[in-house]
Amino acid sequence: MKINSAEFVVSNSKVDLCPKSTLPEYAFIGRSNVGKSSLINMLTGRKSLAKTSATPGKTQLINHFLINKNWHLVDLPGYGYARVSKSTKKVFQKFITAYFEKRTQMVCAFVLIDSRHKPQPIDMEFMQWMGENGIPFCIIFTKADKLKPKALEKNIENYKEEMLESWAEMPEYFITSANTQLGKEDILNYIEGINNELKLS
Ligand code: GTP
Ligand code: MG
């Protein structure tokens with residue numbers, strides 16, 4: 001898919017205030033600093049569409065971008081845990097879970113994972129939550145340029161092994177770099193494929 005236009009639409013902290021449009025939307029989610037905003041800029045070919053920062057926590061709102069006038073790309077804040085009072089129980093930030101529960105136009109979420117690190121409990125728990133709630137998602141491994149090819153391959157293999165301990169199969173995944181544009185075509189074609197299917201149904 002070629003990106004002909006990419007426009008910022010609106011930022012919100014409340015899912016109810018997100019665009020009313022029923023265009024298909026694709027959400028980008030992951031831990032703070034994993035490279036969500038950089039990846040969005042790489043995919044859209046717009047240098048500063050989404051704001052990036054070396055300091056974690058730059059994206060604090062639900063940001064909608066309209067792409068090619070026919071689908072939405074959504075930059076979400078990094079997830080961490082929000083404390084529940086009087087309990088050691090931890091939950092994901094409420095508005096993130098509310099977004100996924102309420103946005104029926106959200107057709108596929110991309111869960112971003114830093115390719116340099118071992119599987120992290122918070123990412124595993126988030127994907128578990130997605131699975132339990134029937135929310136379709138893919139994995140995007142980010143920052144591939146920061147590793148040598150062998151180390152990258154090893155990390156992905158480790159990740160798959162760990163996933164297969166709790167999942168029947170490895171979700172669809174992509175390996176990317178915002179610096180070298182690795183993975184750009186594959187992700188855009190994947191999105192285009194879903195958009196085309198939706199038009200037929
Ligand atoms: P928050 O909005 O704060 O949650 O972060 P984010 O997930 O949007 O991350 P962001 O895109 O702002 O990137 C965080 C840092 O990682 C920045 O310093 C980026 O330059 C760097 N970074 C992101 N993607 C890549 C990549 O593919 N390769 C390299 N080498 N650095 C990257
Ligand atoms: Mg961001």
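I count a salt bridge when a side-chain nitrogen of Lys or Arg lies within 4 Å of a carboxyl oxygen of Asp or Glu. The model is predicted, so I keep its limits in mind: local features need pLDDT of at least 70, side-chain atom pairs count only at pLDDT 80 or more, and totals for chains, interfaces and linings use all residues. Residues are numbered from 1 along each chain as its sequence is written, and side-chain values use heavy atoms, with hydrogens and water left out.

Entry 1. I found six salt bridges in the structure. In one of them, K102 pairs with D16, with 3.4 Å between the closest N and O atoms. K102 sits in helix α2 (residues 94-102) and D16 in the loop between β1 (6-12) and β2 (25-30), 86 residues apart. Helices (H or I, at least four residues) and strands (E, at least two) are DSSP runs, numbered from the N terminus.

Entry 2. I looked up D123 and found its side chain in a salt bridge with R31, 3.6 Å from N to O. This pair joins helix α3 (residues 121-132) to the loop between β2 and α1 (36-44), 92 residues apart. D123 is buried at 3% relative accessibility; R31 is partly exposed at 27%. Buried means under 20% relative accessible area, exposed over 50%, partly exposed in between (1.4 Å probe, protein chains only).

Entry 3. Is T176 buried or exposed? T176 is buried, with a relative accessible area of 1%. T176 lies in the loop between β9 (173-175) and α5 (184-200). Leaving aside neighbours within four places in sequence, its contacts (heavy atoms within 4.5 Å) include L39, M42, F141 and I187.

Key
Chains lettered and ligands numbered in written order.
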